[in-house]
Amino acid sequence: MYSSSDKKRFTEVPSRLNESEEYRSEFRRDYARLIHSPSFRRLQGKTQLYPSVESDFFRNRLTHSLEVAQIAKSIAIRINHRFKNSKGDQIIIDENICEFAGLAHDLGHPPFGHQGEEALDESMMDYGGFEGNAQTLRILTKLEKKIIHSENIFYDDSGRDTRMGLNLTYRSLASILKYDNQIPACRNLRKPEDREHAVKGFYSEENDVVKEIKKNIVGKSTISNFKTVECQIMDIADDIAYSTYDLEDGLKAGFYTPFKILFSDSTLIKRVRKKVNRTLNLDLSDNDIIDVLFDIFSDIFSDIKLEIPKNVSKEEFRGLAIKVSQLAFGGSNFLASNGAVRTSLTSYLVGEFVRGVEFEYDSKYPPLSKVWLKNDVRLKVEVLKTFTFESQILSPKLKIAEYRGKEIVKSIFSALSSRNGSTLMPEDHRTLYQQAPHESKNRIICDYIAGMTDRYAIEFYGRLMSENPETIFKPY
């Protein structure tokens, strides 16, 4: 499953102490480099679902990434335990890479979540766009600092970016390459409807990096539909975490209860049904969606046992119906308000979803072996994901906060990209801006803003726009 070329890096830098590190693998070294990187630490200040300034109880990008990493590792352990290759040998998927992918997958997310991403994509529309997954690859291969550059020269005479980021192994880098698609360098000629959403993929600046990754993983730099087994595991783990833990946060935040979910207004269920059908290529009805949700929360109703006598009168039947409703309503509120019960539900769902993972070995290209969720499990995951998105992310409560976040990001970009605006950036970013070729200068500004935490972006915006600016001695 793993070859010597998987473990190669852009360049081999000898240890200062020239010590042998036989006690840990190259992939474990990658894991350590990520853990100790500033971009990983900054995830604690970036929005997952709710603005980070609201409460320190809810998940942020860092805690979400930790959960994805744990689930990804569990999936790898299960595959290693249950499946064999075409020769009948036990499958060995490196758990360190899966854990690394889970921790790293959201590094590229800017402040204020999807609205921050949308703001940067609109600002970069004619300069290669912005997309979170593409930014993750760029952070790991360019922006993070591991290799010392003599005299702080980051671009060669031809204008090529010589930075190497964390100088990771090719197999670790492949684990976060979710979309094998180069984002158009300029999208101003695309159809108007295509301009509304970020294009998934990688930037043209990292095209050579992607080719090098492919060549070292499968021996062909031109292979298409490239997605390694570890990346597929990470992608599934992300869906599982999103569908369960964001649901749990929504219950805690009071956006809904199981009772409200099951008896949601018909327009919400219709939106969920349409998206799920489109994603999974199905033809489900509204009742089918409700059945899936009912199955998820069925334990609430399992203890309701009422015997209905024969020849019951309308008044008696009405009384029984009210009693059933009260028991169901009470159980629903208990689940939503009790932390232990919420945790028990999400723990059960995560376990069920992990056990629904299937694996198929690819004898021609083992790194591209297939991992997927069984149909019934994937349906549950997709329904929960879509319901969470439609009921929370599109709610007025979050939309107002997101609108402000988008305006902050766009205002900062406008200020920094104006004439002499680059002088507002810290010294290291200003040096990069000065050295970068003309076509890359806006990308440097974009990199700087994308790396901000929510709080830092708000503070920076305040220092630019507020009538009561903070002290000039506040550090960057």
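Reader: Is R9 buried or exposed, and what is its relative accessible area?

Author: The model is a predicted one, so this value is computed from predicted coordinates. Buried means under 20% relative accessible area. R9 falls under that cut-off and is buried, with a relative accessible area of 5%.

Reader: With which side chain does R9 meet in a salt bridge, and which parts of the chain does the pair tie together?

Author: The side chains of R9 and D30 meet at 2.6 Å, N to O, in a salt bridge. D30 counts as buried, at 0% relative accessibility. Because R9 lies in the segment before α1 and D30 in helix α1, the pair ties together parts that are 21 residues apart in sequence. The partner asked for is therefore D30, and the parts are the segment before α1 and helix α1.

Reader: Which residues are linked with R9 and D30 in a network of salt bridges?

Author: By the rule applied here, the structure has a count of 33 salt bridges. R9 and D30 belong to a network of salt bridges, and the other residues linked in it are E26 and R29.

Reader: Which parts of the chain does the aromatic pair of F10 and Y170 tie together, and how far apart are they in sequence?

Author: The structure holds five aromatic pairs. One of them joins F10 and Y170, edge-to-face, with 5.6 Å centre to centre and 85° between the planes. F10 lies in the segment before α1 and Y170 in helix α7, so the pair ties together parts that are 160 residues apart in sequence.

Reader: Which residues form one aromatic cluster with Y448?

Author: Y448 and F460 form an edge-to-face pair, 5.9 Å centre to centre, with 80° between the planes. Y448 lies in helix α19 and F460 in helix α20, so the pair ties together parts that are 12 residues apart in sequence. Y448 counts as buried at 6% relative accessibility, and F460 is buried as well, with a relative accessible area of 5%. The residues that form one aromatic cluster with Y448 are Y456 and F460.

Reader: Over which ring does the charged end of R443 sit?

Author: The charged end of K441 sits over the ring of Y433, 4.7 Å from its centre. For R443, the distance from the ring centre is 3.8 Å, and the ring is that of Y203.

Reader: Why is helix α5 largely enclosed by the rest of the structure?

Author: The buried residues of α5 include G113, Q115, E117 and D121. The helix is largely enclosed because, of its 11 residues, the number buried is eight.

Notes: Residues numbered from 1 in each chain as written. Predicted model: local features only at pLDDT ≥ 70, side-chain atom pairs only at ≥ 80, totals over all residues. Heavy atoms only, no water. Phe/Tyr/Trp six-rings, centres within 6.5 Å; stacked < 30°, edge-to-face > 60°. Helix = DSSP H or I, 4+ residues; strand = E, 2+ residues; numbered from the N terminus. Buried < 20%, exposed > 50% of the residue type's maximum accessible area, 1.4 Å probe, protein only. Lys NZ or Arg CZ within 6 Å of the ring centre and 35° of its normal. Salt bridge = Lys/Arg side-chain N within 4 Å of Asp/Glu carboxyl O.
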